[in-house]
Amino acid sequence: MSQSPPSPAPPALGGLRELKKRRTYAAISEAAIRLFLERGFDAVSVAEVAAAAEVSKPTLFRYFPAKEDLALHRFADHEDESARVVRAGRAQGIGPLDALERHFLRGLAERDPITGLCDHPEVLAYQRMLYGTESLVARLHTYTRRADAALAAALGGDEGPDVRARLAAGQIGVVLRTLAEENWRRIEDAGESADAVCPGAVQAAEFAFGQLRDGIAQADRRG
């Protein structure tokens, strides 16, 4: 080629700031989780996390208002996931439950930790820490409530969520969490591998979404 390709335009300032913010979030959280897994959540202070992440305590608290949020940042990434799946499905003419079922089944195939079907040692250690720490379990409810609210808003469409959309979102949220917890239980408690659990996990997901369909389809105002 006789000419070099043009240099890409520099990112917008807002884009750079947002990228730096996301990287800082991730760096602080990863440092915290590493310490929590090594020594236990209650044994690690916020000051130690700040030092490990090379930020000040005030900076840390600007990103994470509570110590528990340091450990639950991974769940925050999934907070509006179901809502996004519903909206993306609608844009393609796919109903909410079909979109969510396809997404969950794809997550099982990819061994996404959010489905519970992941036997990576670090993931299992993280889940043991999470479900074995009362303050983290309590804080997790904050994330699940926001996730259900976001899903209800997506189901409600332009008019906003009514009681039917909120009930549907709550039921879907419980189903997704129950499926994930059952997969994790079989791997953690029964000692099965993710590959061994996968066929039963797929069957359970298909059964669960089949149960949801008749009662929840009517909650979606757009069909």
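Helices, by the convention used here, are DSSP runs of H or I with at least four residues, and strands are runs of E with at least two, both numbered from the N terminus. Helix α1, for example, spans residues 13–39 and contains S29.

Good morning, colleagues. Residues are numbered from 1 along each chain as its sequence is written, and side-chain values use heavy atoms, with hydrogens and water left out. The model is a predicted one, in which local features need pLDDT of at least 70 and side-chain atom pairs count only at pLDDT 80 or more, while totals for chains, interfaces and linings use all residues.

I begin with the overall composition. The protein has 10 helices and 0 strands, and along the sequence the pattern reads α-α-α-α-α-α-α-α-α-α. Of its 223 residues, 41% are buried, where buried means under 20% relative accessible area, exposed means over 50%, and partly exposed lies in between, with a 1.4 Å probe and protein chains only. Contact, here and below, means heavy atoms within 4.5 Å. Among contacts with a separation of 6 or more, 68% join residues 24 or more positions apart.

Let me turn to the interior. A nonpolar core is a set of buried Ala, Val, Leu, Ile, Met, Phe, Trp, Tyr and Cys residues joined through side-chain atoms within 4.5 Å. The largest such core has 32 residues, and F104, L117, L155, I172 and F209 have the most contacts inside it. At least two residues of this core come from each of α5 (81–91), α6 (96–109), α8 (134–156), α9 (163–188) and α10 (194–216). Which helix provides the largest share of this core? That helix is α9, with 9 residues. Apart from this core there is another, of 24 residues, including L35, V44, M129 and Y143.

Next, helix packing. Two packed helices are described by the angle between their axes and the distance between the axes. The axes are lines fitted to C-alpha atoms, for helices over the stretch in contact, and the angles run from 0 to 180 degrees between N-to-C directions.

Helix α4, residues 67–76, packs on α8 at an angle of about 45 degrees, and the axes are 10 Å apart. The two helices are therefore oblique to each other; angles under 35 degrees count as roughly parallel, over 145 as roughly antiparallel, 65 to 115 as roughly perpendicular, and the rest as oblique. The crossing of α4 and α8 is right-handed. A crossing is called right-handed if the near helix is turned clockwise from the far one by less than a right angle, and left-handed if anticlockwise. On the α4 side the contact involves E68, D69, A71, L72, F75 and A76, and on the α8 side S135, L136, R139, L140 and Y143. By class, the contact of α4 with α8 comprises 7 nonpolar, 1 polar and 3 charged residues; Ala, Val, Leu, Ile, Met, Phe, Trp, Tyr, Cys and Pro count as nonpolar, Asp, Glu, Lys and Arg as charged, and the others, Gly among them, as polar.

Helix α4 also packs with α7, at an angle of about 120 degrees and with axes 11 Å apart. That angle makes α4 oblique to α7. The crossing of α4 and α7 is left-handed. Here A71, L72, R74 and F75 of α4 meet E122, Y126, M129, L130 and Y131 of α7. The contact of α4 with α7 divides into 7 nonpolar, no polar and 2 charged residues.

Is S29 buried or exposed? At 0% relative accessibility, S29 counts as buried. Leaving aside neighbours within four places in sequence, S29 is in contact with F64, L70 and H73. The C-alpha atoms of S29 and R74 are separated by 8.4 Å, although the residues are 45 apart along the chain.

R213, in helix α10, is partly exposed, with a relative accessible area of 25%. Residues up to four places away not counted, R213 touches L97, D98 and E101. From R213 to L97 the C-alpha distance is 7.0 Å, and the sequence separation is 116 residues.

Finally, two backbone points. E54 is not a glycine, yet has a positive phi of about 60 degrees. E54 sits in the loop between α2 (46–53) and α3 (57–63) and, at 74% relative accessibility, counts as exposed. R111, also not a glycine, has a positive phi of about 60 degrees. R111 lies in the loop between α6 and α7 (121–131) and is partly exposed, with a relative accessible area of 23%.
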